[in-house]
Amino acid sequence: MIYKLSCSIFLLASAVLAQQKLMPGMTASAATPESVDATSSPSFSPGSSSSSDARRPISAQERINWVVKGTIGPASLAGGLFSAGWDTLFDQPKIYGPHWEGFGDRYGMRLSGLAVSNTMEAGLGAIWGEDPRYTRDGGAPFSHRIGHAVKMTFLAQNRDGNLMPAYARFIAIPGSNFLSNAWRAPGDDNAGNAAVRTGLGFFGRLGSNTFDEFWPDVRHKLFHRTHSSQ
């Protein structure tokens with residue numbers, strides 16, 4: 001426990017120091033939302049991935065906010081309940097058992113691994129200006145928005161708002177899963193399971209992107225319908 005908490009604290013501190021060093025003029029008071037909505041664009045251009053290319057670089061405080069929200073935010077905690085519940089139902093990995101204690105172990109393992117992964121991604125990305133936040137493409141047709149969510153699973157924006165391979169993510173997701181073998185139970189601490197968790201990590205990022213892309217629309221319709229019926 002001390003080991004994994006130390007890793008998280010060290011990497012989170014690295015994110016802050018690197019970001020402040022690279023962008024000394026940036027302050028946290030100019031914070032923007034975690035996911036930027038692109039619906040304000042007057043028209044959709046199929047040749048562009050997003051209409052928010054003019055977005056300013058992410059600040060150190062926004063990196064910390066992204067780590068916290070992505071680790072213990074409502075969507076993340078709810079996803080952990082489903083993930084741990086599913087694995088407990090089918091008793092995978094069997095070392096933890098099909099009971100409440102096993103559910104707690106699975107939930108804790110996911111949460112600790114996610115904390116390390118998010119902190120690694122935010123910290124490493126600060127070195128070369130990789131923005132871990134997801135940018136919505138709300139003004140695009142449905143099929144383009146699905147494609148955008150898939151594409152942004154493997155891409156990220158740099159300081160200029162241009163797309164680049166998400167190098168920090170490519171390091172953080174597999175790195176955190178193999179690193180977590182240090183505190184996992186015997187039988188769950190091998191390279192094969194770490195590789196499977198890595199694949200599930202990217203699949204989980206796709207799910208998170210899809211949620212961020214469409215949930216604001218669903219929420220707007222639900223609340224609009226509620227207010228209209230009153």
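## Close-up views of a predicted protein chain

**View 1. The protein chain as a whole.** Among the contacts in the protein chain with a separation of 6 or more, 72% are between residues 24 or more positions apart, where contact means heavy atoms within 4.5 Å. This is a predicted model, in which local features need pLDDT of at least 70 and side-chain atom pairs count only at pLDDT 80 or more, while totals for chains, interfaces and linings use all residues. Residues are numbered from 1 along each chain as its sequence is written, and side-chain values use heavy atoms, with hydrogens and water left out. The protein chain has seven helices and two strands, which are DSSP runs numbered from the N terminus (helices: H or I, at least four residues; strands: E, at least two). Read from the N terminus on, the elements follow the order α-α-α-α-α-β-β-α-α. Of the 230 residues in the protein chain, 40% are buried; buried means under 20% relative accessible area, exposed means over 50%, and partly exposed lies in between (1.4 Å probe, protein chains only). The accessible surface of the protein chain comes to about 12200 Å², and 68% of this surface belongs to carbon and sulfur atoms; accessible areas come from the Shrake-Rupley method with a 1.4 Å probe, and for residues only the protein chains shown count as cover.

**View 2. Helix α2 beside helix α3.** Helix α2 (residues 60-72) and helix α3 (residues 74-89) pack at an angle of about 30 degrees, and their axes are 5 Å apart. That angle makes α2 roughly parallel to α3. Here the axes are lines fitted to C-alpha atoms, for helices over the stretch in contact, and angles run from 0 to 180 degrees between N-to-C directions; angles under 35 degrees count as roughly parallel, over 145 as roughly antiparallel, 65 to 115 as roughly perpendicular and the rest as oblique. On the α2 side the contact is made by Lys69, Gly70, Thr71 and Ile72, which meet Pro74, Ser76 and Leu77 in α3. The residues of this contact of α2 with α3 divide into three nonpolar, three polar and one charged, where Ala, Val, Leu, Ile, Met, Phe, Trp, Tyr, Cys and Pro count as nonpolar, Asp, Glu, Lys and Arg as charged, and the others, Gly among them, as polar. Phenylalanine 82 also has its place in helix α3, and this residue is exposed, with a relative accessible area of 59%. The C-alpha atoms of phenylalanine 82 and tyrosine 107 are separated by 9.3 Å, although the two residues are 25 residues apart along the chain.

**View 3. The loop between α3 and α4.** Aspartate 91 is found in the loop between α3 and α4, and it counts as buried at 15% relative accessibility. Its phi is near 55 degrees, a positive value in a residue other than glycine. Proline 93 lies in the loop between α3 and α4 (100-128), and the peptide bond leading from glutamine 92 to proline 93 is cis, with omega near -15 degrees. Most residues other than glycine have a negative phi, and most peptide bonds are trans.

**View 4. Alanine 185 and its contacts.** Alanine 185 lies in the loop between α6 and α7 (191-229) and, at 19% relative accessibility, counts as buried. Not counting residues up to four places away in sequence, alanine 185 touches Ile95, Tyr96 and Met109. Alanine 185 and proline 93 are 92 residues apart in sequence, yet 9.6 Å apart in space, C-alpha to C-alpha.

**View 5. Buried residues of helix α5.** In helix α5 (residues 142-151), the residues Arg145, His148 and Ala149 are buried. They cover an arc of only 100 degrees around the axis, which puts them on the same side of α5; the arc is that of the directions from the helix axis to the C-beta atoms. An α-helix has 3.6 residues a turn, so residues three or four places apart point the same way.

**View 6. Arginine 197 in helix α7.** Arginine 197 has its place in helix α7, where it counts as buried at 13% relative accessibility. Leaving aside its neighbours within four places in sequence, arginine 197 is in contact with Asn177, Ser180, Asn181, Arg184 and Asp188.
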